[in-house]
Amino acid sequence: MKLERLPYSPHGMADFYQEALTGLGALCERTWHDRLEVVAEGDAARLWNRDGAFHEVELWFPPSDDTAPREASKEVFPGCPLTFQIADALRPAPLSLQRGVLAAEHGAQAPSPEVAEKLWRAQFPATGRWQMTTPFRRDQHDSLMGLVRCEIQAIDQHWSLRRLAVSLPDGNMDDSVARDLGLAKLEVVSAEAAPWPPPQSARWREWLQAALELDLAQDLAAIRVRQESYLRRELDRVDEYFEHYQEELAQRTARGSSETARAKSADRLAAAKAEHTRRRADQVARHEIHVHGHLDALLLIAEPAWRISVKFDSARQTRMGSSVFIPRTRRWTPLEPSLLAEE
């Protein structure tokens, strides 16, 4: 889900800069409501000096409606490069995997077999005869959540902060836990507090990338329409120019009185065609859309669930396997990926 962008506030930005730079080891003092004196060395100073040499600066946080020219090294404004550099500096390297447990607000009792079967058939309508072969057992359902800063480079740059969540072990998007995380009761715990799944970096990266692509689809569709409109306009301009130029060269070639003049005109015509192709390719490259995702936080979430072994008919076959019922979403998650491969 795309997180709502907070309106720019000089006071809020000053508070963020003071807390962030202090965390990076700088000395900060508010000399005025919109001024911040910074004395930095080492990691904090690398925001201004690559070698981390001692640096002293007074940052100014002007109001957003101030249209005077900006000096990015000591003035903070919407889209200021220094803000993005601080965000990157605050990002731990390597990225640590946090763990948390959702409070058991749902699912204190297992659903009845009748309700379980009804929900199963609603989720998997193609299944036939359905039977529980074991009673409900308490279990744990895991979700992987990532906080992603997304940069879309097009005619204009677009920045957004997105919270993505995928269900484990199938990798399906779980928009509900991403949307409601701010209202959920989450307890941060250690790696030994629950039977956590082992990290799978490559697979988790693929799942988060797929989730990001789905989450960006609507925004990218609007940007793509605009890019195509601009590209068509530029290609028409290039085509019109070279069409007229090549017509003129063709006429010169036809009027040429000597073999040398006609050969020169033919060479110019061939060069014009090659340049036409190059200019078109250049415009296509200029109007490409590039998406860069920056993963800032990674959270593994556990929540109460119920597990059963189930037997059902599907595609004229009787299948058996284990599945987990998630009370929060009232949905089933088969533990064997091939259990419902034909669904």
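Two residues are said to be in contact when heavy atoms of theirs lie within 4.5 Å of each other. In this predicted model, and leaving aside its neighbours within four places in sequence, V38 is in contact with L21, A26, L27, C28, W48, H55, E56, V57 and L59.

V38 also belongs to the largest nonpolar core, which has 23 residues and in which Y17, L21, V38, W48 and L59 touch the most other members.

The strands form an open sheet of 3 members in the order β1-β2-β3, with antiparallel pairing. Because β1 (27-32) and β3 stand at the edges and have a single partner strand each, one side of each is left without a neighbour in the sheet. From one strand to the next, the twist averages 20°. The pairing of β1 with β2 runs over 4 bridges, and E29 has E37, in β2, as its bridge partner. Helix α1 lies across β1, β2 and β3, and runs at about 155° to β1.

Elsewhere, helix α5 (residues 201-255) has 55 residues, yet its end C-alpha atoms are only 69 Å apart, short of the 81 Å that a straight helix would reach at 1.5 Å a residue. At A217, α5 bends by about 50°.

Definitions and conventions:
Residues are numbered from 1 along each chain as its sequence is written. This is a predicted model: local features need pLDDT of at least 70, side-chain atom pairs count only at pLDDT 80 or more; totals for chains, interfaces and linings use all residues. Side-chain values use heavy atoms; hydrogens and water are left out. A nonpolar core is a set of buried Ala, Val, Leu, Ile, Met, Phe, Trp, Tyr and Cys residues joined through side-chain atoms within 4.5 Å. Buried means under 20% relative accessible area, exposed over 50%, partly exposed in between (1.4 Å probe, protein chains only). Helices (H or I, at least four residues) and strands (E, at least two) are DSSP runs, numbered from the N terminus. The expected span of a helix is 1.5 Å times one less than its number of residues. The bend at a residue is the angle between axes fitted to the seven residues ending there and the seven starting there. Two strands pair if DSSP finds at least two bridges between them. Axes are lines fitted to C-alpha atoms, for helices over the stretch in contact, and angles run from 0 to 180 degrees between N-to-C directions.
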